[in-house]
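Here is a short briefing on one protein chain. Please keep the sequence and the 3D view open while reading.

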Amino acid sequence: MQHIGVVIVSYNTAPLLRRCLAALEHCHLPLQIVVVDNGSHDESVALVRRKFPHVILRERPENPGYAAASNEGIALLHQHNDAVLILNPDTEVLPGAIEALADFLAAHPRVGLVGPRLLNPDHSLQRAAFRFPDLITTALDLFPPGEVLPGRLYDSWWHGRYPHELGDSPFPIDYPLGACMLVRSSTIAEVGGMDEGYFMYCEEVDWCRRIKQTGWAIWQVPAARVVHVGGAATGQFRWRMQVALWRARRRYMQKFASPITQRAYTALVTVGMLRLTGKAWRDYLSGRIDRNTLRGQLLAYGTILRDSSNFSSIPVAKVAG
């Protein structure tokens, strides 16, 4: 029987965290659970202490970012368990999901990381398997299918999607959505933890890129099903999270893209942010958004534009082992 460590990073998501932890009680494998709280101001910490005393609680007075908090939990668990489940607090692991992921790792010794099929709260499919980002996926994010480009591109290979996700058989992927990932402990020992230079977003993309570079495979296992709400923590600071998203993407490109691709990426982001700035003004003047929303959007787009002009200043990655 495999022993599984579980790392959950929480930030002001107490009601969802309670549901997440309660769902884990249905797992038949031995679980060692760590909740790393990033300075929540709600009842998250009290909830864990009162309702889930078996859970290891690590409190941080401030929010150091998702990657740093995840690494703290990973460091506590990976040497004492066969694999570590990285789990968002806004998830509900359905019965049998962890067992299915663990069984797949056990049967495929060169698979280092597996992700489940993610479901929306209404149990419809949520896309959770992606190709590594490139200039095409960046262009489709900045000029969205259905808004600027043809809508049929949204679920296409060009937008980083896998058609296999509509089926029920396991398939190899570049990376899963980071809401739920089971990582083999020997993979962690070889690759190290997440890059703590990412505050939020892209840390799982970077991690999976490094995992695959060392020869490990990554798969999605559709038989493992997990409900994911999405945006529970990041939605609390929308314009700041937009800035964090594009800073993370910029860092990823700095680490893995060629100089020519980096220059093309900078040009794409510049044109995209100028388009979004114009759209924000049009939406405001037409009454579709209010003044506060306009202010937040302009602040985000302006910050991202300034960042894109200083591409080469990204510091060397810090990767926790």
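The model is predicted. Its protein chain has 10 helices and 12 strands.

**Whole chain**
- The protein chain counts 321 residues, and 53% of them are buried.
- Take the contacts with a separation of 6 or more: 79% of them join residues 24 or more positions apart.

**Helix α8**
- Helix α8 spans residues 238–256, which is 19 residues.
- From first C-alpha to last, α8 reaches 27 Å, close to the 27 Å expected at 1.5 Å a residue.
- Its buried residues include the aromatics Trp246, Tyr252 and Phe256.
- Arg250 and Arg251 are also buried.

**Arg240 in α8**
- Arg240 sits in helix α8.
- Arg240 counts as partly exposed because its relative accessibility is 45%, and the band for that class runs between 20% and 50%.
- Arg240 and Thr303 are 63 residues apart in sequence, yet their C-alpha atoms are 9.7 Å apart in space.

**α8 against α10**
- The two axes come within 8 Å and cross at roughly 20°.
- Angles under 35 degrees count as roughly parallel, so α8 and α10 are roughly parallel to each other.
- The crossing of α8 and α10 is right-handed.
- On the α8 side, the contact is made by Trp239, Gln242, Val243, Trp246, Arg247 and Arg250.
- On the α10 side, Gly296, Leu299, Ala300, Thr303, Ile304 and Asp307 take part.
- By class, the residues of this contact divide into six nonpolar, three polar and three charged.
- An α-helix has 3.6 residues a turn, so residues three or four places apart point the same way.

**α5 against α9**
- The axes of α5 and α9 are 10 Å apart, and the helices pack at an angle of about 5°.
- That angle makes α5 roughly parallel to α9.
- From α5, the contact residues are Leu135, Thr138, Ala139 and Leu142.
- They meet Thr261, Ala264, Tyr265, Leu268, Val269, Gly272, Met273 and Arg275 in α9.
- The contact of α5 with α9 has eight nonpolar, three polar and one charged residues.

Note on methods
Residues numbered from 1 in each chain as written. Predicted model: local features only at pLDDT ≥ 70, side-chain atom pairs only at ≥ 80, totals over all residues. Heavy atoms only, no water. Helix = DSSP H or I, 4+ residues; strand = E, 2+ residues; numbered from the N terminus. Expected span 1.5 Å × (residues − 1). Buried < 20%, exposed > 50% of the residue type's maximum accessible area, 1.4 Å probe, protein only. Axes fitted to C-alpha atoms, helices over the stretch in contact; angles between N-to-C directions. Parallel < 35°, antiparallel > 145°, perpendicular 65-115°, else oblique. Left-handed = near helix turned anticlockwise from the far one by under 90°. Contact = heavy atoms within 4.5 Å. Nonpolar A, V, L, I, M, F, W, Y, C, P; charged D, E, K, R; others polar.
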